[in-house]
Amino acid sequence: TIMLREGDHRIKNSLQLVASLMRLQARSETSKDARNALNGAATRVGSVANIHDALQASVGDDLVDLGGALRLACESLQTMASDAGKLDIIAEIESLKVPAAMARALVLAVNELVVNALRHAFPEREAGSVRISLSHDDAHLRISVTDDGIGLPADYASGQGYGMKLVNMLIKQAGAVLKVDRIPGTRFTIHAPLDTKPHA
């Protein structure tokens, strides 16, 4: 167990270093597309590092606090949001333990949804918000990612683009389903059966 914890710690530190180097390089890029690509990659790497951090606290029982992992991911995403302007990441998240594999897939899916919102929902203004919520009852969990941006294009179809393909793959891995609502802004809602039993 000690070796596993040390391994996770080293992996987390290495990933955070890579993410920091990507953000440093992004600041020196003159191309907006290059900056966006580097910041997006850094956020993905940072989220994986945060998941390792959450896993460190749970080695041995295979259960991870999904809420804690999401809060850590939101902290990393807020850094990216601040780089993009006066954009706020608002977390309304309950603590909830689920199997590590499920937590990993859900946190990465939420990360992609937030990154997509930061990139596309606020093209004409620097201020806005993305709200992430996690709630549950005895049988199901619910995660929503809601932005107050410009909304989805009329011809939007879930699954277009790398980000949404990745989201759909991760949602499937978690045994969840994804619903999209066109409100003032956009809301993505993830529903999944609640599994709180350690896996062998």
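Helix α4 is mostly covered, with 16 of its 21 residues buried. The model described here is predicted.

The helix runs over residues 100-120, and its length can be checked against a simple expectation.

One partner of α4 is helix α5, made up of residues 161-173. The axes of the two helices are 8 Å apart and form an angle of about 155°. Angles over 145 degrees count as roughly antiparallel, and α4 and α5 are therefore roughly antiparallel to each other. Their crossing is left-handed.

The contact between these helices can be followed residue by residue. On the α4 side it involves Ala105, Leu108, Ala109, Glu112, Leu113 and Asn116. These meet Gly163, Met164, Leu166, Val167, Leu170, Ile171 and Gln173 of α5. Sorted by class, the contact has nine nonpolar residues, three polar ones and one charged one.

A further point of reference is valine 64, which sits in strand β1, residues 63-65. Its relative accessibility is 2%, so valine 64 counts as buried, the cut-off for that class being under 20%. Valine 64 and arginine 104 are 40 residues apart along the chain, yet their C-alpha atoms are separated by 9.0 Å.

Definitions and conventions:
Residues numbered from 1 in each chain as written. Predicted model: local features only at pLDDT ≥ 70, side-chain atom pairs only at ≥ 80, totals over all residues. Heavy atoms only, no water. Helix = DSSP H or I, 4+ residues; strand = E, 2+ residues; numbered from the N terminus. Expected span 1.5 Å × (residues − 1). Buried < 20%, exposed > 50% of the residue type's maximum accessible area, 1.4 Å probe, protein only. Axes fitted to C-alpha atoms, helices over the stretch in contact; angles between N-to-C directions. Parallel < 35°, antiparallel > 145°, perpendicular 65-115°, else oblique. Left-handed = near helix turned anticlockwise from the far one by under 90°. Contact = heavy atoms within 4.5 Å. Nonpolar A, V, L, I, M, F, W, Y, C, P; charged D, E, K, R; others polar.
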